Amino acid sequence: MDIRLVIGIYYVCVNIILCCMMGVDKRRATRGAWRIKEAHLLWMGVVGGFLGGLLGMTIFHHKTRKIYFHLVYWFSLVLHIGVLYCLFVLLLGGNILS
């Protein structure tokens with residue numbers, strides 16, 4: 001199986017999961033129910049769910065006033081772009097799109 005496909009599937013899954021987690025946590029917050037730990041939401045962003053986190057923040061208007069969520073998700077985005085660049089271009093010596 002092509003490594004690009006595996007990595008692509010991984011990122012899609014992690015981002016969908018984090019976006020859904022943000023929605024569930026927002027719903028629970030409005031109902032006063034048990035919440036998802038902030039650390040879990042942040043770690044999902046660190047392991048690759050940065051876009052899902054940012055999208056979840058926007059769609060559900062959740063954690064938008066917590067500046068560290070913005071910082072962690074944006075930092076993670078930059079970090080993952082750098083890691084993917086190193087992986088594909090420097091280590092594999094290939095074009096990301098080909």
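Here is a short walk through the fold and its salt bridges. What you're looking at is a predicted model.

Start with the overall layout. The chain has three helices and no strands at all, so reading along the sequence gives you α-α-α, with helices counted as DSSP runs. Laid along its principal axes, the C-alpha trace spans about 50 × 25 × 20 Å. Of the 98 residues, 32% count as buried. Take the contacts with a separation of 6 or more, and 70% of them come from residues 24 or more positions apart.

Move on to Arg-35 and Asp-25, whose side chains meet at 3.0 Å, N to O. Here Arg-35 sits in the loop between α1 (3–31) and α2 (38–60), while Asp-25 belongs to helix α1, 10 residues apart. Asp-25 is buried, with a relative accessible area of 0%, whereas Arg-35 is partly exposed at 32%.

Then there's Lys-66 with Glu-38, a bridge of 2.7 Å from N to O. Because Lys-66 lies in the loop between α2 and α3 (67–91) and Glu-38 in helix α2, this pair ties together parts 28 residues apart in sequence. Both partners are partly exposed: Lys-66 at 31% and Glu-38 at 24%. Lys-63 joins in as well, linked with Glu-38 and Lys-66 in a network of salt bridges.

How values were computed: Residues are numbered from 1 along each chain as its sequence is written. This is a predicted model: local features need pLDDT of at least 70, side-chain atom pairs count only at pLDDT 80 or more; totals for chains, interfaces and linings use all residues. Side-chain values use heavy atoms; hydrogens and water are left out. Helices (H or I, at least four residues) and strands (E, at least two) are DSSP runs, numbered from the N terminus. Buried means under 20% relative accessible area, exposed over 50%, partly exposed in between (1.4 Å probe, protein chains only). Contact means heavy atoms within 4.5 Å. A salt bridge is a side-chain nitrogen of Lys or Arg within 4 Å of a carboxyl oxygen of Asp or Glu.
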